Amino acid sequence: MLRSKWQRLLRSSEAAGIEAPRVKTPTRTMSDNAGTDLKVTGIDFLKSENCRQHHTDAYNIKNLVVRRGQPFQLQLSLSRELKAADKLSLRFGIGEKPMKIRGTLLSLKPRQDQDLGGWQISIVKNSGKECLLSVTSSPKAPVGKYTLNVKTGTNIYKPENNAIYLLFNPWCEDDVVFLADDAQRKEYVLNDTGIIYVGSAYNIYNRPWNFGQFEEFILDACMYLLDKSDLKLSNRRDPVFVSRAMSALVNANDDNGVLLGNWSGKYSNGTSPMDWIGSVSILQKYYKTKKPVSYGQCWVFAGVLTTVMRCLGIPSRCVSNFNSAHDTEENLRVDVYLNEFGEKLNWMSLDSVWNFHVWNDVWMRRADLPSGFDGWQAIDSTPQEQSQGVFQCGPCPLKAVREGDVYLPFDSKFVYAEVNADKVYWVVKKVNGKDKYIKISTETRGIGVNISTKAVGQDEREDITTQYKYPEGLPMDNVVSKPGVLQETVSKTGLQLEITNKEALYPGNPLELGITVKTSTPGSWTINLAGSCQLQSYTGKIEANLGYVKEIVKLEGKSETQVPLKIEPDTYMKTLSSVEDEVFIRVTAIAEVQGIGDKLTKETTMSFEYPPITVQMPETAKLNEEFSCAFIFKNKLNMPLDNCKLRVEGLGIFKMSTFDQGDVKPGRIMKSEIICTPTRLGEKKIVAKLTSTQIKGISVEKGITITK
């Protein structure tokens, strides 16, 4: 009777996952194994099943990778059957020398209730010498690399590959990075390829980028960065602190972080920022050497930070802001100084307007802020200004930027200025040997336009400007504006300027540009027009003055005329070859109506146009079966391309490869071929980039479906 009662107690306690009360049982002989110590002889981490359920099966690592707040299972092999009276505990340690007193060592016994830290372990099945356990970490657990040991009585079992990687969990409602939409989770967490938008405000083009968060050593590199950040363990629970720390560590300015920024135009002792096509080789090199990688510019910093965030499980996207203000004086104003020909004077202004600037948004709930500031937060790893003594930026809620709540942490005033500053144009003239500053115009709508990110689930540009700011010209309050009055103060003549190109802007050809001057009100108008053409880098730095026109234009009533501005190739080709950055064509026009004082400034930046790379490969291929991929480029330009290099990469298909093609003369066709063996199923992308002395990057990407 006593034995059967004991058996019932044991069965019910095992089912409930709790220790049964101790009951005196009849004395057993040694053959009953009662006196032998319980030992663990092996652990199966059930990697394929756990990783599939945790959306971590793509990580190229031997260890178990799981997300917090979600159960995973472990199969223990034991020296004998687990009894109710046996003491069994799983010990999870994080950091060096884990200790209970520091909170870096958790010792968890199977039970129904959660422990104080919110972790839970229960017995799923206990049969013979096998015991299946279910472990659920807290949705607030510190993210990082945990070691697992199993203690039975006085015995401690340390399995091989006993490191378990615990990540943020956008699939778990109790995790602050929870993202409800599955298509968004696939895009912002699981997509390992993407597009970064560059160019200029009205000439946007895409730059393919391989994030590669699942590639070999990338997760370890991110764990190394977490350790290097010196975040307190309690702060490693919180994506606010983690994303801020990573925005500092992806640049190398304060802490020997990942990437050294360089905007000098000279990159001979490193890799030009234009040459990268993804984050993988950067992070792998950094993890191997533990030294900063040379060199990065904003889109490279943003690409690497996206990789780090997605790898750790925080939803992230690359964001491109066009006409991005860098307001050094925090006065929400950018001053642009021009000479009387309309040429921008670099040396006069501390502020700058970048053609584009790329940063990141990360998704999280903000428990540290008043309610209403959850969702997308801007972070930026490009070193521009120090924040709390370190080159870091964010997370700053997009809602704070939109509503003008610039007092909120972190760095909301700086981000607000990037998308909202006013642009004031000044002409500097010599009067009696001294510089005289004449204010020409103030542009209130030119900064922060066409803010762009890759659309969810498709290779299209999504305009997210309205997430950052109210539509320009619409009052934030219900104040009724008076457009009629506004129009009169702007212009008595209806003066307008347009800048266009008559022919495609191919390097090696003349740049045939035109400035159109228009008036729209009755009267005879005499207009002083000055127009200039310069080469500038994307940060607004002038690399060369190419030429200008100065004319007096006479117009009657509603009429227009076009003034041509033609630049011969010899004028710009030397600069194009000597600067190792991509350069843009900047055209500025100043018009002033005589006798009235109507003044107007118009500027635009245009990109050179290039022949395309074509990719020849099948639309589908079989897993582990070879196929060939060919890259073809015909030089349709009127100039040779020197020192051509083709860089190609296909995640899950082939590693980064470089083809040195030498010089490619006009009309010549260049062909490179690579034999690929895909190792991963699904939709994959192949990215290629061609660089030369004269052109700094022609990119292409092409998709392929890998099937069984």
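Predicted model: local features only at pLDDT ≥ 70, side-chain atom pairs only at ≥ 80, totals over all residues.
Residues are numbered from 1 along each chain as its sequence is written, and side-chain values use heavy atoms, with hydrogens and water left out.

**Exercise 1.** Determine whether S607 is buried or exposed, and which side chain makes a polar contact with its side chain.

Solution. Step 1: S607 is found in the loop between β30 (599-606) and β31 (613-616); strands are DSSP runs of E, at least two residues, numbered from the N terminus. Step 2: the relative accessible area of S607 is 6%, so S607 is buried (under 20% relative accessible area; exposed is over 50%, partly exposed in between; 1.4 Å probe, protein chains only). Step 3: its side chain makes a polar contact with the side chain of N203, at 3.2 Å (a pair of N or O atoms within 3.5 Å, one able to donate a hydrogen and the other to accept it; residues adjacent in sequence count only if both atoms are side-chain atoms).

**Exercise 2.** Find how many residues of α7 are buried.

Solution. Step 1: helix α7 covers residues 298-312 (helices are DSSP runs of H or I, at least four residues). Step 2: 15 of the 15 residues are buried, so α7 is largely enclosed by the rest of the structure. Step 3: just after α7, G313 takes a positive phi of about 100 degrees.

**Exercise 3.** State which residues of α4 meet α5.

Solution. Step 1: α4 is residues 218-228 and α5 is residues 239-249. Step 2: L225, L226 and K228 in α4 meet V242, M246 and L249 in α5 (contact means heavy atoms within 4.5 Å).

How values were computed. Expected span 1.5 Å × (residues − 1). Axes fitted to C-alpha atoms, helices over the stretch in contact; angles between N-to-C directions.
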